[in-house]
Structure formats: C-alpha cells, structure tokens
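Trainee: Could you take one part of this model and go through it closely? I would like to know what it packs against.

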Amino acid sequence: MPMRSSPSAADTVPSDGAAPTLTPPEERTEVYAVRGMHCASCAQSIQSFLRAQPGIHAAEVNFAAQTLTITYDAQRYTPAELRRLLQQLGYDLALTQPPSRITHEEQLASLRRRLWLALSGAIPVGVLSMGFHGQVPALLLLVLTLPALWAGREFFLNAWKQARHGRATMDTLIALGSGAAVLLSLWATLAPQSFTALGMEPPLYYEAAAAVIAAVLLGRFLEERARLEGSRAIERLLALQPRTARRVLNGREDDVPIELLQPGDRIRIRPGERIPVDGIVLEGSSAVDESALTGEPFPVEKLPGMRVWAGTLNTTGSFLLRAEQVGHATVLAHIIELIRHAQSHKAPIHRLVDRIAAVFVPSVLLVAALTIAVWLSSGPEPRLSYALLTGISVLLIACPCALGLATPLAFLIGIGRAAEEGVLVKDPTALEQLSRCTAIVLDKTGTLTEGAPRLVDDRWFEDTPERRRALAALEVRSEHPLARALLPTLRVSAAELPEVEDFVSIPARGVSGRIAGELYRVGSPEFLRDSGIRLPDFLEHQLQQWHQQGYTTVVAAVNEHVVAAFAFADALRPGAVEATAFFRQRGIALHMLTGDQPEAAERVARAVGITHVRARVLPQEKAEYVRLLQQQGHRVVVVGDGINDAPALAVADVGVAVGTGIDVALETASLVLSGGNIHRLVFAWQLSRALRRTIAQNLGWAFAYNVLALPLAAGLLYPFTGLLLTPMVAGIAMGLSSMSVVLNSLRLRRLTVQRSPSMHRFVFRTTLHCQGCVAAISSALEQIPGIRRWQVQLEHPDKLLSVEADSDVTAAVLRVLHERGYNAELVTPGSDVSHSTH
C-alpha cells in the first residue's frame, strides 16, 4: 500500500539530547468525486476497504452523488496515494473536488455510446433467437452478441479486480450471470454433441447475455441523467459567477480573471454586469437584482457604504466597490458548498440500506449456488440444463442497484430542488423529518415580520415646511431605526436641512436640538413628559389607542407644545399569512414566542391567525418551551432568525433559519429559508412529504422486487406451474427494477410551489421622482386592504410602482397617487404571480 514513510526515531531526537518531539498527525477532511461506481455494493466495498487502512480515520461514500468524504492523516497520505488505493479496486478518484456538470456529461456521453453499441447487438440477437428459434446458426448469434459484450467489458474487468481483493459487487453478479450464459452458449456452439449425448438440447443463451448488458447500461444511463438533474441547482449558482472583473488600480481599469482578485481591490461594476465579489459600494449608486440569492423580486437600491454580494446582477447604474470577500469566501461560494455537503451527506435511513446492500451480493451468490445444488440433486432431467438455467437467472435477476438508489437518489434530487426554491438544506435528515412534525414555534421579529419599523399612522398639529425641515435635521443625525423610518416620510432634501445647535441624543429615549432659536425634541412620549411638556388629552387618547394596537409611538415638540405624533409597526413578511393558514389547515399547532411587548405580539398573532402566543420571552425560555412541547409528544419545528433563537433552534427536532440570503452560516439551523421568505417553509414541508413518500415507494418496490424475484428465478413455482424464467427475462426484469426507482425519484423535479391563487401583480407608470415622493404615499398604500408588498423603482425611466395584492387594487392605488398630486397609469393589469418562486 503506497504511503509516505514515517520519520524514524533518530529523525525526531534533537542533536542536543533534548527529549524527542512527536509530530501530531495532520488530520484533513476532503470530498472527492469517485468514478467507476455502478451500485450500492460498489460504494460499500470502497467504504469498507478505505476504513480498514491505517491512517484513514473516516470514509463515507455516497453512491447517488458519486462522492467520497474522507478524513485522513495528511502526513501519511497524499491525494494521489488515495487515488492509487482506489485504483487497486478498479475505481478512480477525481482530485479536482466533487463532480462538476462536465464530469456528469462526460460519463453520460460514454454511457450513451456503450448503450447504443450494446443495443446494436442485443436487438438483432433477441429477435432472431425468439422469432426464429432453432433456425439461426449459433455462430451468427455469437457474432451478433460480440458488440454487447464489448460494451459491457467494464463489468468483467471490475468483477475481476474485486475478486482479487475477495470482494463482490453488482458487477460480480452481472459478470457471473452473463459470462456463464456466454460460456455455456459458446460450449454448445463449438461442441453441441456434448449436450445431445446427454439427451439435452444445446443451450444457447446469447440473447440473455446481450439483453442483460443492454438493460444494465440503460439503467445506469438513466441514473446518470438523474444525477445531472440533481446537480442542476449547483450549476445554476455557479453560472452566476462572472469569469472576469474590471479592477481599478492606479487610475487604470483592466479586465482581470476573478481568480486574481484580492480583498481590498477596487472593482468597477457597469450596467448589466454580475458582481464578482462580496464588497462595499464606494462611489456611485444603482439598483441590484439580488433575486438569485435572496429571492427578493425587486431590485434593491445600493448607495455608498452598502453591501453587495457576488452573483447578484447590477441593473442600471454604475458604481465602484471595495472587495471584502473573494473566491471561496463569498456568500455565493458558501451556499454552493452548503448544497454540495448536504447532497454528499447520508441520512440514517441511507446508512441502514447500505448495511443491507453490503451483505446482499454475497447472499445472492449463496442463493445461486444452493439453487444449482438443489436442481442437480432433486430436479427433473435434464438436471444440468435446469440447474444452469435457474442459477444464471438468480444471478441476473437480483438487483442491489434498486435498493442502493432508493434513498440517496431521492435525497440528491430533493435537495437540489429545494435549493432552486431558496431552501438551503444543511442536514438532509431535517428535510425528511420536517413533514412529520406536529408543532411549529415561530419567532416574531425578523421571522413573521420584516424586522424593520415602518410608519403606519401620523397626526400633524403644525404641518408646515419649516417644521418638517427642522424634524428632518434632527432625525438625520440619529442612528435609531425609528429615525431612519421617519426621515423619508418628511420629504425633505439634504439641501433644505437647517443648521442644528446643541444636538443631544439620549439612547432609547429621543433627540433634541436648537434650530433658528427654537428647541425641538423628538422621542418617546415619556421623553417629552420627563422634559416638562404636557401632552393634550386627545393626543394621550390617540397614543393609548396606538399602544393597544401594538404600535411604537414617537412624539415631536417645539419649545413647549406638540407639533406631531407618529405610529410605527413592524410590517408582516410577504407570505406570512398564507404560510400560517397552510399549516393551520393541516392541523399543525402554531406557537409564537417573542421578546417583544405583549401588545405588539398580539397584533402580529391576530394578523397571521396564531392563538398560542407568549411575549417577553428570553432566549433560554424559548428553549424550555420547546422542550415542554416535546415532552407533550410533539415533534417541534422552530423557525427563527438565528440570533436570540439559537438555543431553541438547537433543541428543536428541526431548526429552520429565516435568512436574508447572507446569514446562511447559522450553525444551529438545519434548513435555511433564503431571502427572508417565510412562505418557503410551505414548499419545504411539501417537498419533505413528497420525499418521504418517494423513499417509501422506492424501498417498498426494491425490497418487494428482490424478495419475490429471487425465489421465482430459482424455480420455486416450477412444481406447481411448470414455468421457469429464462436468463434473458431475468436480466431485463433486473434492469427495469433499477429504472423504476430512478424514474420515481425524478418525479420530485416536477414538484411545484403551492401559492395563494389570488396573488396578483400590478405595475403602474408614475411621476414619482424621489424618496420624499415615495414616503408621501407609503402610509396610504399600507392601509389599502389586500396589498402584500409594493416597491418603487426610481431608477427606471417610468418610475414604476409594482404592487403585489390578493385582489384588484388598481382603483385604490390610483386614488392614493392622484390625491397626493402624482399622475399614474396601469401598465400591467393584475398578472398572476402564483407561479413565482420568490
């Protein structure tokens, strides 16, 4: 076994006589593509062989993904030496990381050529043997069988390599069965008198050997096609990465390969280009389409200081960015690696099937030997003919491929399909278990809601341009989220802001400052009361109403009297209402836990239809609540934003993180819903149910087939019916069994997203021209019943307003715009977006 030589004792003793120092082993874990695997027994053979080698600490082979995950002592082995180990078994190791689309397409092309070659022999030899039985020269049948034997030569070569190491795989069964059929037929062709002397008709099974090889190659061709489908999600993400970037260095702009980019490089992004790195905008502005990562259907405006992500698409403007993460450190690369890891990981049910497959081939060889022995000792004459017929049929009908593909292929395709819909799977077991759960615990802020305040109502007592400019001058100096939410609604440009003197910011209370000799204060009602300002009774009543609705309130005053009051709320995430309704209809208990105030919690709970609500809950109390549900017999899903929800996510049966497309590294979650789209949980649940059903169907068929087929091939029914399976029928049945599992798993590709059928999108051409205009219509649009989401694209020449709603809101939207002095016309009338995946 090739390996690096260990250092001798002399090498480790310092010359000055000090105590020897032992170099600790350098443990390394890698994922490689394996070539030449044809069945679950191949995977088990590689796995057990590698685990038996000193210096290899762990080895796990995923047959469906064609990958090897290996942990080894890097001081003892190099990747090239690991490759030579596998070559001893008749397999090969691709040292360029997991299989790419090119790898799959090369394998697919090779299988296609071999399949056509095998069919060119199997079809004519089958037609002649069955249609003109006994009338075709045996030598012609032999010649016609040769193309099929050449196409299946790898079966015989791999079987021989395995036999040299005392191992048996699916190739062993195929080689023994088809080889015995050919050798027996060749004997009958060259020396037919050997059989006629015994009173037997010379057995010719050329068609069986050719048909078996063609059927197996067809099954493997379909398997490779399925793997190609399973890798589609990764290939789509890889296609988002541009090959070059326009680097700005010393005043020059040059196109360079992205492999040469380093953190800190300045990169120019032009309209229509994909962003090559994660970075910070330095100069310029634009709208960036982040739908590939976040699922956000509208382009996001990017200004200096804001982050952009590799793989996203710049739409209109041009800007300069500073690279922060490049290459494998980008979020896009992280997502790709996440999917690859999930597809190469084995679920517990997969490992159980592997253990069954490990003993399957030796068991079949034993059954074949016993079948031959029983027919030789107890069968009718000609005993030898019957014994060989049934023995070969047993070898050919057994199908460990169907058993080995039943679970991993379904997971492979399911994980890829999930990624296409924005559900990132970190643990395949969680995907399978999701639809078994009976209770869902949801966080409020950042999960059911956007996690950012929006102005929902206001009351102005002195609504003048002077007052608006003064309040804007104070709020622009504040970093508080409420200040950032209020500022756009004041509709004041930067050039209009007055000077502020004696500016003071008191955390969690408010801000104050002198403008044109008058003292302005903006903050919580308590802040103004503590400052000696009396709030009018009618305002106190209004504040009380807002408080009961769960709104956060802000009051503005000048000198000693109030000029305005504002109400803010955390808006629901798109799809939150539909998602909770979906799970309620299926009898799943919904719980909401939040650290927020009870009034805010009740407002959101009422909006989404959740009855089990607890507010002011600490992170550790969320975990205890989950444990209590589990003690009551529930399987619990926890859905959170992954920060204060981490303890609950860790103890849940399935932890789901609602990400924004960038926080996919949450260690405590098993599934990540990218883009913050809670409705993706519905698709994940539907996929989980379909995955479980597909695995059950695959395993049920694979077990039932082998349990029924082996006795049938051995001749168990012959005493009652007088019928025996021919080797050709047995071989074709084996190929069809494998194909049935592949085709059934591929049905997961057709799973569609079930969305609200009444969701429509309306697009309006408007005369809105700035963020102040957007703020002017914001509050009114939020009040229109049925609107789920809206977005203004100021960078578009037509200043498009896009609205998603449950019903026709055209008249209401146009009325809001016209009442505020803006012209608008409907461009896209209520196009159905129920098919949208974002």
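Mentor: What follows is a close look at one helix and its neighbours. The model is predicted, so local features need pLDDT of at least 70 and side-chain atom pairs pLDDT 80 or more, while totals for chains, interfaces and linings use all residues. Residues are numbered from 1 along each chain as its sequence is written, and side-chain values use heavy atoms, without hydrogens and water.

The part is helix 27, residues 680-714 (helices are DSSP runs of H or I, at least four residues, numbered from the N terminus). Helix 14, residues 383-397, packs against helix 27 at about 165 degrees, with the axes 8 Å apart (axes are lines fitted to C-alpha atoms over the stretch in contact, and angles run from 0 to 180 degrees between N-to-C directions). That makes the two helices roughly antiparallel (over 145 degrees). Tyr-705, Ala-709, Leu-710, Ala-713 and Ala-714 of helix 27 meet Thr-390, Ser-393, Val-394 and Ile-397 of helix 14 (heavy atoms within 4.5 Å).

Helix 27 also holds Trp-685, which pairs with Phe-582 of helix 23, residues 576-585, so parts 103 residues apart in sequence are tied together. The count of aromatic pairs is nine (ring centres within 6.5 Å, using the six-membered ring of Trp). With centres 5.6 Å apart and planes at 80 degrees, the rings of Phe-582 and Trp-685 are edge-to-face (planes over 60 degrees apart). Phe-582 has 9% relative accessibility and so counts as buried (under 20% relative accessible area, 1.4 Å probe, protein chains only). Trp-685 is likewise buried at 9%. Phe-583 makes a further edge-to-face pair with Trp-685, at 6.4 Å between centres and 85 degrees between planes. Phe-583 also lies in helix 23, so this pair links parts 102 residues apart in sequence. Phe-583 is buried too.

Definitions and conventions
Angles under 35 degrees count as roughly parallel, over 145 as roughly antiparallel, 65 to 115 as roughly perpendicular and the rest as oblique. Rings of Phe, Tyr and Trp (its six-membered ring) pair if their centres lie within 6.5 Å; planes under 30 degrees apart count as stacked, over 60 as edge-to-face and the rest as tilted. Buried means under 20% relative accessible area, exposed over 50%, partly exposed in between (1.4 Å probe, protein chains only).
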